[in-house]
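I opened this notebook to keep track of what I looked up. The entries follow the order in which I went through the structure.

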Amino acid sequence: MVKLYEHGVFLVDGHEIVESDLAVSIEDAKRGTISYEILQQHNISGDDTSLQIKFDAMTSHDITFVGIIQTAKASGLTQFPIPYILTNCHNSLCAVGGTINEDDHMFGLSAAKKYGGIYVPPHIAVIHQYMREMIAGCGKMILGSDSHTRYGALGTMAIGEGGGELVKQLLCDTYDIEYPGVVAVYLTGKPNPGVGPQDIALAIIGKVFKNGYVKNKVMEFVGPGIEELETDFRNGIDVMTTETTCLSSVWQTDNNTRIYLKAHGREQDYKKLAPKEVAYYDGMVYVDLSQIKPMIALPFHPSNVYEIDYLNENLEQVLKTVEEEAKSVYAGLEFNLTDKIIDGKLKVDQGIIAGCAGGTYSNIMDGAKLIKDNSCGNNEFSLSIYPSSQPVMMALSENGVLNEYMAAGAIVRTAFCGPCFGAGDTPANGALSIRHTTRNFPNREGGKPGNGQMSSVALMDARSIAATAVNNGFLTAATSCNIDYTDYSNYKFDPTVYDNRVYNGYNKGIAEHELKYGPNIKDWPQMSSLTNDILMKVVAYITDPVTTTDELIPSGEASSYRSNPLGLAEFTLSRRDPEYVGRAKEFQKFEQLRIEGTLDNELNEVFEKIKDINPNIEPLLTGLGSVMYANKPGDGSAREQAASCQRVLGGIANIATEYATKRYRSNLMNWGMIPFLTKDATNFSLNDYIYVPNIIEVFQSGQFSDIKAYVIGEDIREISLYIADMTDDERLIIVAGSLINHNKLKLENKYTEV
């Protein structure tokens, strides 16, 4: 059972929930949270409401670190000022694209040597498992360029952001935010055997995602139920908090946290974290663990959740609903789930237990209790197991569990995040895959609707996936089986593989060491600074309720080009609006001509009409850029390329009703794109021109509530745009045209010219 409180609450002595006023003020009680303590310990602003955060460590994987380091290098990087861990768990399949991926890995190793970083080779560990095992600790803050950067169960406040925010830390700048709201997640009771961390996480996500209950807030896990969960189990819940759109998460710590850190040779990183005697939270998610049942998140979002038992009892009705929703996303493409109903039961085609959410020791161990002495079958159904690190794999090998999976017909693979974003175990056309991974967005499993390739993913816990595997692929809740929980205290962590393979160069940078480039690693192209007047052309107009980063720039087949800005940009919106790239490039040509001093004849008529608004308009001083409208863009990944690809194609802004996540809005700003908002998107449409005068003056004044703009068509229509609050640095970045330009201006002391 998951209940949401409609207002803020006090928590007294860590367990008593008080909804009425207390003698202590709300403002004072807000300082009683774990979150307040950690945030202020890392805040250097001197103001406990406007925070300037310095992190203890950072991490990136091989889809993001090349671009981040290239950006920082162009901005004057000389060394990594804090531990920066570069893992290679996303672009690990070096058979894709020749040597393109391995070139990225060698660039990462050379950067670790030059700037003093920590380099984890491919297949050794997925990014978040390595951070849990070796870096995260109580009271720390960690920044990562992956949206699932979450180590709250170890008392670490971790945040996943776009690469620009990591660049700022590399240049000794700060992460600037207003003090976030803090929502308590109060756990009570004890999970029933067969219920796993994914079940609890999905139950929470289903309750809070659509109503934005924790959006851009910190989720603070408290309550007596925590002591019923081992830390390895807690990790599996915590990593999924990303799918709520919260900013970060943190848990109260206890002796079980100490045991976990001690097992990994880091007992010194333990300290007790708990709310003070009185703490005030801006909301509360009340979770009775004993009432949670095995869950399934059906396509195409982790919030599309049902109890497995309910789904099995209402298959036809529920699956038809999903089919109808798919039609709204993929008009004209056949998508069937009801054809998987056989004799009244749902037959799935594939099971995967993998990555930072599923590939943990406890998940794989518990699944093995059901797999042992059984068979995965010799028909369509297949099962793949991806342990999250080599130390986890070594422990599973030593106790014989891997043999049990393999004997049952499962495939055991190395540490790799591919199944989470469509680069591993891509199912057949029309297939349904059940996965203990983090996401099931459209095409996340690797399908290509444009080519008629359509399959789908449902999220489940490892235990129910194993139960389904031994039931010949028919959907089965693990609570129907006899299963108990693994005692994690018996886990033996062996760091030998890290000692032998991980390059640890922190504080040992070799300035003269050369970065190692491959032919696919390209510098960022030059970005123009903002002009006072801008003319935008709407080159994409998306009315879906939510537009994910996977739709803005696909994962999977595009991954090999993540170090090549122009090459990657060719994939922008390819799965959602295949005409976008052509439209954007066509308008970008006009801006290139303008910079060279020529106005294209096609725009003469537009500027003639603009003269009715501004007789003094100077076309050659008016910046030209494309703009995308989407209702709610940016749900999902932290990858900055969702914004940078638009920028290198000439994008100058987004217009949205709201932005799904802070990190996507930050990415837009760091790439010099204006994050416009509108209250009425019906005032313009695809291929319209929108003229915005005096935009630099708007940024200088900070008056963002009513920005006059004009739609230039057969007639001229005035519209109102607005922008949410920005920091001073964010304004300067947009005016400069990008974070790179902004940093160059700072280095050259040229800000008097802006």
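Entry one. The model is a predicted one. I started at Y84 and listed its contacts, leaving out residues up to four places away in sequence. Y84 touches M58, T59, S60, F65, I68, I69, G117, I118, L166 and L170.

Entry two. I then looked up the largest nonpolar core, which has 164 residues. Y84 turned up again, as one of the residues with the most contacts inside this core, together with Y130, V285, L311 and L383. I also checked which element gives the core its largest share, and found helix α7 (residues 197-208), with seven residues.

Next I took helix α3 (residues 65-74) and helix α4 (residues 100-115), whose axes lie 10 Å apart. The two pack at an angle of about 45°, and α3 and α4 are therefore oblique to each other. The crossing of α3 past α4 is left-handed. On the α3 side I noted F65, V66, I69, Q70 and K73 in the contact; on the α4 side I noted D104, F107, G108, A111 and Y115. I sorted the residues of this contact by class and got six nonpolar, two polar and two charged.

My last pair was helix α26 (residues 728-736) and helix α27 (residues 739-747). Their axes are 7 Å apart and the angle is about 100°, so α26 is roughly perpendicular to α27. From α26, the contact takes D729, L732, I733 and A736; from α27, it takes L739, N741, H742 and L745. By class I recorded five nonpolar, two polar and one charged residues for the contact of α26 with α27.

Methods:
Residues are numbered from 1 along each chain as its sequence is written. This is a predicted model: local features need pLDDT of at least 70, side-chain atom pairs count only at pLDDT 80 or more; totals for chains, interfaces and linings use all residues. Side-chain values use heavy atoms; hydrogens and water are left out. Axes are lines fitted to C-alpha atoms, for helices over the stretch in contact, and angles run from 0 to 180 degrees between N-to-C directions. Helices (H or I, at least four residues) and strands (E, at least two) are DSSP runs, numbered from the N terminus. Angles under 35 degrees count as roughly parallel, over 145 as roughly antiparallel, 65 to 115 as roughly perpendicular and the rest as oblique. A crossing is left-handed if the near helix is turned anticlockwise from the far one by less than a right angle, and right-handed if clockwise. Contact means heavy atoms within 4.5 Å. Ala, Val, Leu, Ile, Met, Phe, Trp, Tyr, Cys and Pro count as nonpolar, Asp, Glu, Lys and Arg as charged, and the others, Gly among them, as polar. A nonpolar core is a set of buried Ala, Val, Leu, Ile, Met, Phe, Trp, Tyr and Cys residues joined through side-chain atoms within 4.5 Å. Buried means under 20% relative accessible area, exposed over 50%, partly exposed in between (1.4 Å probe, protein chains only).
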